[in-house]
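Take a look at the model below, then read on.

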Amino acid sequence: MANTMNHEDREEGTKKHRDDLHCAAPFFACLCAFFALFVFQPSPFLSQPALAQTGEAPMTHRLLTLIDVKNFGAETVRVGDLNADGEPDLLFVQSVHATREITCLTATTIRGEVLWQTGAPSADNGVIYSDLPVQVYDWDNDGRNEVLYVKQATYAELPAGQGWPRERAARYEGTATMVVLEGATGKELSTFPLPAPADDCFLFADLTGRGRREDLVVKDRYWNMWGVSHAGEVLWRYEGSVGHFPAYGDVDGDGRDEIFVGFALVGHDGKVLFQHDSAGAHQDAAYAVQLPDGSWRLLFGNHGLHCLTPDGTELWSHPLAEAQHVVAARYRTDSPLQFAVIDRGQPRADGGRDPATLYLYDLDGNEVWHRLQPAGGWYAACTAIDWLGAGAPQCIMLYARGPGNPLAIYDGNGEIVDEFGMQCTPDRSDADRQAHYYCTRADVWGDSRDEVILFGSRGCCIYTNTRPLAIPTLYNNNLYPGM
């Protein structure tokens, strides 16, 4: 259609447009003020760095994320990319304290955005006393992670005299069930039966030579362990002292994993390769590590630290009251491997407990140093962390150091390089802020270093290292790459 608007019409239209804008000005001013105050302000749960002023020492760490866990907070968290966006996510796992029955799974981003939730969340179910049977893994090898967890069989009859907690049944009804959920949505994809008592932790291993850890090792609390194929077939059962989480590795070089439970080494086919008398004890921590020369060392802790060869020969040991954590890594540059060990504090006559002690041993079992923890920190725990990055030795992350004491990161010389504690959202009570928490580590920020993730029933937060990361291809960047 031809444009028939004349000059006068255009002038009148322009004047009306100016009048409309003039009348709308207050509205737009209010709208802009709204956006400035609420939309463009940073979220109170995303930490903003407090930059060091000129002349001040540079920051060494900062709070990266503060997550409002509402009523889904938990002392069990798993880390993995659930929605396939290339960024790690968090899975909060709640359970009944005394029975270990999983009641709720909540998936969030590292910023706290809820992706999905299954089950009924309750702050009362965020506390644990043991590991829980749940993992994040690409179970079907389709390039996307799934969530796997175990539903318990019915505990139809309990053993006489069993008090708190409930850990085994004299008679079960039905089977335990492995449930596979879609990582992105929490939708149930499949299930398959497991032996009825197999409702403690589980791990992925290569028992059948598939070239990938697609089989399972499942267990009850302390007495039995089963190998299960990817298809759900029970391959074998081991009966004996299995302790807590088993260690694994292709110790004999046949392309399949062996399973180490402290007092015994079990082959991929269930054959017992060696077994020592446990005398009623169990392993509190097990670690299988391959040395640079290709040989293996099997370590475990109970009332001492023990270092074995794959044939069961004990190379050395140290008597300790309760060696609860044993973690092998390269913490120093003067030898290829060291062992960090926590000896838990023991009860005193006055009803209190001594604090825990962190030990570092070399490959031959010589003590390098030890560090007594603060008063009240009898149950301290440790793990290795790649805190410094760029090929530097790993550090030791130590947490649960007693009420009011921060998490500490030790270097291989036994010096504390960073300390920080749990942070909760502003609405939390003082009691919430004193609630127990656990820690793990993962590179969720993408800088090739581990971040520290603190989590509990009342909060979750993530810290990152702010030290400059010396990467040669970045600080010696050029137009003609040859590095």
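## Strands

In β19, Val 272 is the bridge partner of Val 266. Strand β18 (residues 264–266) and strand β19 (residues 272–275) run antiparallel and are joined by three bridges. Helices (H or I, at least four residues) and strands (E, at least two) are DSSP runs, numbered from the N terminus. Two strands pair if DSSP finds at least two bridges between them. β18 and β19 form a hairpin with five residues between them, and Gly 270 in its turn has a positive phi of about 90°.

This is a predicted model, in which local features need pLDDT of at least 70 and side-chain atom pairs count only at pLDDT 80 or more, while totals for chains, interfaces and linings use all residues. Residues are numbered from 1 along each chain as its sequence is written, and side-chain values use heavy atoms, with hydrogens and water left out.

Now look at β30 and its two partners. β30 pairs with β29 in the antiparallel sense over three bridges. Four bridges join β30 to β31, and these two also run antiparallel. Tyr 410 of β30 is the bridge partner of Ile 396. Tyr 410 also stands opposite Ile 416 in β31.

In a regular strand the side chains alternate between the two faces of the sheet. In β30, Leu 407 and Ile 409 are on one side and Ala 408 and Tyr 410 on the other, and all are buried. Buried means under 20% relative accessible area, exposed over 50%, and partly exposed in between (1.4 Å probe, protein chains only).

The hairpin of β30 and β31 has five residues between the strands, and Gly 414 there takes a positive phi near 85°. Glu 415 lies in the loop between β30 (407–410) and β31. Glu 415 is partly exposed, at 46% relative accessibility. Glu 415 and Arg 371 are 44 residues apart in sequence, and their C-alpha atoms are 9.3 Å apart in space.

## Aromatic rings

How many aromatic pairs does the structure hold? There are 17. Rings of Phe, Tyr and Trp (its six-membered ring) pair if their centres lie within 6.5 Å; planes under 30 degrees apart count as stacked, over 60 as edge-to-face and the rest as tilted. Two of the pairs are shown here.

| Pair | Centre distance | Plane angle | Type |
|---|---|---|---|
| Trp 316 and Tyr 361 | 6.3 Å | 40° | tilted |
| Trp 387 and Phe 420 | 5.9 Å | 45° | tilted |

Trp 316 sits in strand β23 (residues 314–318) and Tyr 361 in strand β26 (residues 357–362), so the pair links distant parts of the chain, 45 residues apart. Trp 316 is buried, at 11% relative accessible area. Tyr 361 is buried too, at 2%.

Trp 387 lies in the loop between β28 (381–385) and β29 (395–399), and Phe 420 in strand β31 (residues 416–420). The pair therefore ties together parts 33 residues apart in sequence. Trp 387 is buried at 0% relative accessibility, and Phe 420 is buried at 4%.

Ring pairs also link Tyr 137, Trp 139, Phe 192, Phe 202 and Phe 204 into a cluster.

Some rings have a charge over them. A charge sits over a ring if NZ of Lys or CZ of Arg is within 6 Å of the ring centre and within 35 degrees of the ring normal. Arg 166 lies over the face of Tyr 155, 3.7 Å from the ring centre. The charged end of Arg 168 sits over the ring of Trp 223, 3.8 Å from its centre.

Most residues other than glycine have a negative phi, and most peptide bonds are trans. Lys 70 has a positive phi near 50°. Lys 70 is in the loop between β1 (61–67) and β2 (76–80). Ala 400 has a positive phi near 55°. Ala 400 is in the loop between β29 and β30, and is buried at 9% relative accessibility.

Which two residues does a cis peptide bond join? They are Trp 164 and Pro 165, with omega about -5°. Pro 165 is in the loop between β8 (154–157) and β9 (171–173).
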